[in-house]
Amino acid sequence: MKKNILFLLLAGLFGSCLNNEYLERLPLNKQSEETFFTTYDNFKSYAWYSYQVLTGYPRDINDRTFFESNTDNCFQGNSANNPNPYTTDGKIVIPTAKGGNGWSFTNIRRINVMLDNIDGSVMTQTDKDHWRSVGYVFKSIEYFNLISRFGDVTWEEHTVTDQDKDILYGPRTPRVEVASKVLDMLLFAKAHIKPGGDGPNTINLDVVNALISRFGLFEGTWRKYHKIADAADSHTASEFLEASFAASSELINKYPTVNASYEDLFNSENLASVTGVLMYRNWYSTQNLGHNLTSSCRTANMQIHEMSASAIQAYLCNDGRPISTSAVYQGGSYAADTASMYREFRNRDRRLYYTICPPYKVNTATANSSDAFTYTGNPEDRFYIDSLKNNNISKKALPLINNAKAYLREMPHVRTARYNMSQTFMVSTGGYYICKYYNITTDVSSTRLVNGNDAPLFRMGEVRVNHAEAAWELGKAASEIEKAINPLRARAGVAPMIVANIDANFDLARDKGPSMAEGRIYEGDYEVDPVLWEIRRERRIELIVEGFRFDDLRRWRKGKYMNQIQLGAYVKKTDFEDSRHVTEPDITKFTLAIYPDPDADAGRLMMFKAPNLNDAKQGWQDKYYLFALSHEDLTLNPALKQNPGYGE
């Protein structure tokens, strides 16, 4: 059932209670609680609002966290003035206004109103336990977000009034205590929630297990890598990981297969029948009741966020090996004549083609209004057009089509001030165009929030990579890791992971780091165990551009991964200096910067240089692992204290 409509009904229900008779008989702050929270359906109606907080897809295309353009995966490519803010002096500032950076307890207080009224209802004990479980899940989600951002946070057990000055103006509760309370709430919910919830796409046992899988892994690894000591009367780091492992085990046993199509997880109008989607946000194809993510993919808006070469090179080849040791990788080195985006995409994990538009080239009669195309005659130009067709990737059929139904003539479709502006849609500066949320079935007739494809909130792909990582952290059998990961690889056309075959030489880039001569540009990390490196790679690829990467880097204490040169695709200047591309006859030179030599004839497109790590104000700072509290919040409650590194 569509929750937007139910929310409107709920608003009307509350409004009908607020008449003069009630105002005369009950204090204003008591009338809803004493007259409304009575029956099962009352609690059900009240809980619908909390579902609105789970948006899934952002309504703001500038959302850096969701699109991971503040990580090593992506960068903001529409302006040379927008490098990664976490590596640039002065880009991260302490917020001024109250509630800055998400320091808000509004939703927690709304949930506490419901929780505090459960015992006084006429429901059976089973029903009371169920609604306490639902409330605990929503409260856990809120506290999970607060803990992740701020560490120590204020714990509010019950409804807070103006009289609760020890809470309103008291210090923050230690992280270990709050996190333990969150796990306790989730374990209660796991034991007491109705397995089927309150109907399709509601909080149920599967959702509780998925949330435990996510939260337990996050908190357990955060404590390990940030060296936070366990405290008395609180759960230990290992207990969080064990809870995560147990929850994901139950789900993997219940859902042993994965949905056959990775594409359908993100481009379906209705996720109800898509295997492995445990809960989703149901968007509407109606103005202002949908999102604009798909529209952005089919206009010029997606140029705001672009995939990095580092992320592209993290994808395995279909033989199950990284590009540094694969026998089938054709990407070549910087010096090789065969180096090109065409070759780089050959024999790779198919999730790459679902996420980044493969290279191609066609001819169109006109630029902006061409509804037909012809092939160039070069077999390489149509290789991926045929490949996607042969693999039944129908929603992303090439060539790309914009929202006005005009075909895009080529990919990479590189944007400069002097080049190819006759086709201004679906442009990029780095050459790797994000198409994970591109499809040709969703309504894109308007950019005013009409896209209705549903957003997965909890899905088995995440649960599986959670399981693999928790298994490694706990020293579980290799079979647990392989069981979790290999169905994802099979769907992607990649050879299975065999843990016993992974050693220090499995990925040469892990130890040696970038090598321009060998064509490797992504940063390795010899500190990470080679098996864990591969598990984290699988997580990076399965969940890419879904908003997980920034939090993952923070919990692993690997913010340094952001201190990289942000590069795009490999290009040859001469390929773009012809009449097909140059729109002004007197301009014949390609103008974008190229790495490693800006004056060279070929190389990778360069958007931003690496930060100068000799400058203490550049590069990732340890203080960024937690967010700053706002000036106003600290002024209103001096007992809060600022997070380390930000001053007072």
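Modeller: Gladly! A crossing is called left-handed if the near helix is turned anticlockwise from the far one by less than a right angle, and right-handed if clockwise. Helices themselves are DSSP runs (H or I, at least four residues), numbered from the N terminus. This is a predicted model, where local features need pLDDT of at least 70, side-chain atom pairs count only at pLDDT 80 or more, and totals for chains, interfaces and linings use all residues. Residues are numbered from 1 along each chain as its sequence is written, and side-chain values use heavy atoms, with hydrogens and water left out.

Biologist: Which hand does the crossing of H11 and H17 have?

Modeller: The crossing of H11 and H17 is left-handed. Their axes (lines fitted to C-alpha atoms over the stretch in contact, with angles from 0 to 180 degrees between N-to-C directions) come within 9 Å and cross at roughly 135°. Angles under 35 degrees count as roughly parallel, over 145 as roughly antiparallel, 65 to 115 as roughly perpendicular and the rest as oblique, so H11 and H17 are oblique to each other.

Biologist: And how do H10 and H11 pack?

Modeller: H10 (residues 205-225) packs on H11 (residues 237-254) at about 145°, with axes 7 Å apart. That crossing is left-handed.

Biologist: Is isoleucine 481 buried or exposed?

Modeller: Buried means under 20% relative accessible area, exposed over 50%, partly exposed in between (1.4 Å probe, protein chains only). Isoleucine 481 counts as buried because its relative accessibility is 3%. This residue lies in helix H18.

Definitions and conventions: Helix = DSSP H or I, 4+ residues; strand = E, 2+ residues; numbered from the N terminus.
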